[in-house]
Amino acid sequence: MNLHGRPNEDAWGPRRAKLVAGVLALMFIVIVGRAGYVSVNGPAQAAETAAAELSRRADIVDRKGELLATSLPAWSLAADPRAIWDAADTARQLAGVLSDINVKDLTKRLSDSERHFVWIQRGLTPRQKQAVFELGLEGLRFEEEARRVYPRGQLAGHFLGFTDVDGKGVEGAELAFDARLKRGGEPVRLTIDAGVQFVLEEEFDKAFADFDMKGGAGVILDASTGAVRAIASWPAIDPNRPADRTELAKPNRVIGSLFELGSIFKPLTVAAAMEAGVLTVNDTFDVSQPLRIGPATVRDPHPLENPLAATARDILAFSSNIGTVEIAQRLGSGKQKEFLGSVGLLGRLTYEGPQSAAPLTPSEWDGLTSATVSYGHGLAVSPLAFAMTYAPFANGGDYLSPVFLEGFDPAKIEKRRVMSASTARSVTAMMRETVTHGTGENAEAQGYEVAGKTGTAEKPGPDGYDPDRNVTSFAAVFPASRPQFVVLVVLDEAQPRTGERTAAYTSASIAGRVIARAAPLLDVQPVLDASIAEARQSGLRAGSDARTP
Amino acid sequence: MKRLLIVGGVIVAVLAVAVYRAKLGAEETEGRIEGLEAQARKVSEEINVLKAEEAYLTRPERIGPIARERLGLAPAAPGQYTAPEALSNRLGEERLTLPPEAPPR
């Protein structure tokens, strides 16, 4: 209170008000300034983040770490139509330096002043970028992006697949492992071996010099784990340029196509019968006369030397349809179907990787179906699915699923017992005879004891089976005395320039060359010839004698 | 009281300057870190490009003929394997052969 009885006036009041107003003004300026900064710099930062995310897509490498797919920085050209004065002139000048430009279409898009942003071309090379830069055109800008690159070109092209321009997997491993690749970080390591893959693909290329053929498919897999070491579809594709694929090259024949594979089914029929206890290695069959089953007659294209008493070994070695049907009749259609189901031929395979096509199975499983299926007709499967059926012959009787990613624990591989070790050994020995004395002679690879079976199947057409178009195949395990790997080669409509067009002259010879070249890369020790083995034995004996007192 | 206000004001001013300098220093450090990160990104991209080039240059269809023609290297053929006990039988059978020297350029 002052002397006049009025309360004291607050001398600091106006100053405080000014101070508060000043602070508020300062805060306002800071907020406005920050908003302005964000509005100017925000989009650039966002674009940078998107590019960084794209470039984070993980690499794909083979089992030894060889690079198969990676993401590299690239530039894309965009335009703001509102900032372009003469759209036609801009389009014309750009077409002069970029080959894929459609002048009419680009002029139309650049004339649309309602739009703020138009892509002109994605994934420019540094040279293209420089050429556009030197044009000095207004309204254009470069956006940094990542571009997926496959440095080994066509190698495993079908299996790797490719991405779209936004870096999203659209086919093959790029699609199957998209989520994992998008996370970035460590490369995705495939079970594929680039060296073995190259051998398989090169042999298909060489085959094309000898045969006229529509396509081919091949698989090499480790029989103890199911790890796929090579998987090829011919004609090959270059995933760097997916748009250049021809119609013939588009299908992945090893995974996505279905074939009736013919006589390579016969070892499965023999194994099923032995497992069921209705066939022994010494049983004989009369295959001298054609066999009539309902409306159909089963014949052998090449008569056997001893048709009145053919063993299962003779039936496989000389590919007797009659003998195989007789074995299937002993087996019965129910057990045959059960066995084929157990080796994954009657349903879609389940595994991690690009998905295999589901088989085309017979609608009815009567006597005639059972007979034709026993030698590989009437049931269409993917080559990959079929290759898996030979793994039990090599590993002592276990069926396993294909594996495409390294880092698996061999102890945790799911196995299904489908035949005894004794059956697996017996059928492998019969297939070895097929190569040493039968239809598979051209598949022999010195030192690697190829045990396999040829298959020649006519292709179905609108009027039944077409004798002028066939699928030839060769399925094998090697080395026969200690099998480690399965090989399958399938040729679609192979027509040799000279000679026969059966599997014995086409796919068997390719398989033999593939095995001879791939085995050293797969660390398979060749089987020593007799003189060396003898020397080893005598060396061991000498060592043993020396140690004896 | 007045002295107290002056002292307080000076302290606040000193603190404000200290905070300003600290913030400025942090921004400079942040700028340096961003620069180094950008440099690391660039180097990493360059490494990726070099790895891709290496993969391209070591394609089997390119490296195979070079290894064969210039170094005489090829995968071991089955006939080249032998058991240690049989080595004595094979001594002198094979000689190390090197490709002829390339003419000087």
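Reply: Along the sequence, chain B has the pattern α-α-α, with three helices and zero strands; helices (H or I, at least four residues) and strands (E, at least two) are DSSP runs, numbered from the N terminus. The model is predicted, so local features need pLDDT of at least 70 and side-chain atom pairs pLDDT 80 or more, while totals for chains, interfaces and linings use all residues. Residues are numbered from 1 along each chain as written, and chains are lettered from A and ligands numbered from 1 in written order.

Me: How many residues of chain B are in contact with chain A?

Reply: Two residues are in contact if their C-beta atoms, placed from the backbone, lie within 7 Å. Here, 18 residues of chain B contact 24 residues of chain A. Helix 1 (residues 2-57) of chain B gives the largest share of the chain B side, seven residues.

Me: At what angle do the axes of helix 11 and helix 13 of chain A cross?

Reply: Axes are lines fitted to C-alpha atoms, for helices over the stretch in contact, and angles run from 0 to 180 degrees between N-to-C directions. The axes of helix 11 (residues 321-331) and helix 13 (residues 367-374) of chain A come within 8 Å and cross at roughly 130°. Helix 11 of chain A is therefore oblique to helix 13 of chain A (under 35 degrees is roughly parallel, over 145 roughly antiparallel, 65 to 115 roughly perpendicular, and the rest oblique). Thr324(A), Val325(A), Ile327(A) and Ala328(A) of helix 11 make the contact with Ser370(A), Ala371(A) and Ser374(A) of helix 13.
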